[in-house]
Amino acid sequence: MDIPYDLVCYIRTNKDEIIDRIKDAEIIITNKVKITSDILDEAKKLEFIAVAATGTDVIDLEACKIKKIPVSNIKNYAIDTVPEHTFALMLTLRRSIAAYHQAVQKGRWIQSEQFCFFDYPIKNLSDATLGIIGDGVLGKKVAELAKAFGMKVLFSSYKGVSNMGPLYTDFDQVIQESDIITIHCPLLKSTKDMISEREFKMMKKEALLINTARGGIVNETALYNALMNGNIAGAAFDVAENEPPGKDELIMKLTSLPNFILTPHISWASIEAIQTLADMLIDNINSYLSGCPKNIVNQ
């Protein structure tokens, strides 16, 4: 399709540059740049927003709806890469792989008087209970992989919501009974700080917490206290409330612990997934220009 627009690309956009860069745009492609109602007021020519991701929490969707600006996102492109990263983190913690690697780097194996050493716990995934918070395609794919490992899977009901049916387990029960809890829900007002001091106190001492969803779903002060006080056995995050985090933020202080892993929001970023995302982004724009918009999130 011949697209009757000039394409202007920016490697990154600071907050004070947003208005100037979109004020004359008819279509914008964005990912982590926040588009608020005030910014939309200055974008007089804007017709369409194509989000180059699944999450749309950076866009004021209600303001876009009022202004009749459709917003599209990318669906299901990370159906393999995020679950695989989730299990990479899960296995690394469950078998203390990072801790053993760091110990070997420091010469611990060289100093050992026998062929191996057992400084950190090693546990199987088989027969462990996995609590999944989030019942979309990612949560379901994680459940599929978990069952292949021989795990017992509990899908959590929404926090504070009961009677969701036999496929769901009460949120508090999932928090209390799970050996591993993994998060695959969006960041919304209802999920902000969904796991905080209360939930950490309910978890098993040997529980692990995995978050490849969004920073802000887990309260980072509560996470810091839980790990520093030994309330849970470990945690692995691919996200932070502020990205990138400042060097003095609590989540960065946790990275010195052998039972905490932090990766830089790259669970989505397999080579295969990036290509799928690019293809779907182009398709979303072409569909809008053809008069048949798809993957619209603010209808």
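This is a predicted model: local features need pLDDT of at least 70, side-chain atom pairs count only at pLDDT 80 or more; totals for chains, interfaces and linings use all residues.
Which residues of H7 are buried?

Helix H7 runs over residues 137–148. That is 12 residues. From first C-alpha to last, H7 reaches 17 Å, close to the 16 Å expected at 1.5 Å a residue.

Now the answer. The buried residues of H7 are Gly139, Lys141, Val142, Ala143 and Ala146. What lies over them? The cover includes helix H4 (81–94). It also includes three strands: E4 (129–133), E5 (152–155) and E6 (180–183). Just after H7 comes Gly150, with a positive phi of about 85 degrees.

Next stop, Asn284. This residue sits in helix H12, residues 271–289. Buried or exposed? Asn284 is buried, at a relative accessible area of 1%.

So who are its partners? Set aside neighbours within four places in sequence. Asn284 then contacts Phe48, Ser72, Asn73, Ile74, Lys294 and Asn295. Look at two of those. A polar side-chain atom of Asn284 lies 2.9 Å from the backbone oxygen of Asn73. The side chains of Asn284 and Asn295 are joined by a polar contact, also of 2.9 Å.

What is the lining made of, by class? There are 20 nonpolar, six polar and nine charged residues.

Terms used: Residues are numbered from 1 along each chain as its sequence is written. Side-chain values use heavy atoms; hydrogens and water are left out. Helices (H or I, at least four residues) and strands (E, at least two) are DSSP runs, numbered from the N terminus. The expected span of a helix is 1.5 Å times one less than its number of residues. Buried means under 20% relative accessible area, exposed over 50%, partly exposed in between (1.4 Å probe, protein chains only). Contact means heavy atoms within 4.5 Å. A polar contact is a pair of N or O atoms within 3.5 Å; within protein, one must be able to donate a hydrogen and the other to accept it, and residues adjacent in sequence count only if both atoms are side-chain atoms. Ala, Val, Leu, Ile, Met, Phe, Trp, Tyr, Cys and Pro count as nonpolar, Asp, Glu, Lys and Arg as charged, and the others, Gly among them, as polar.
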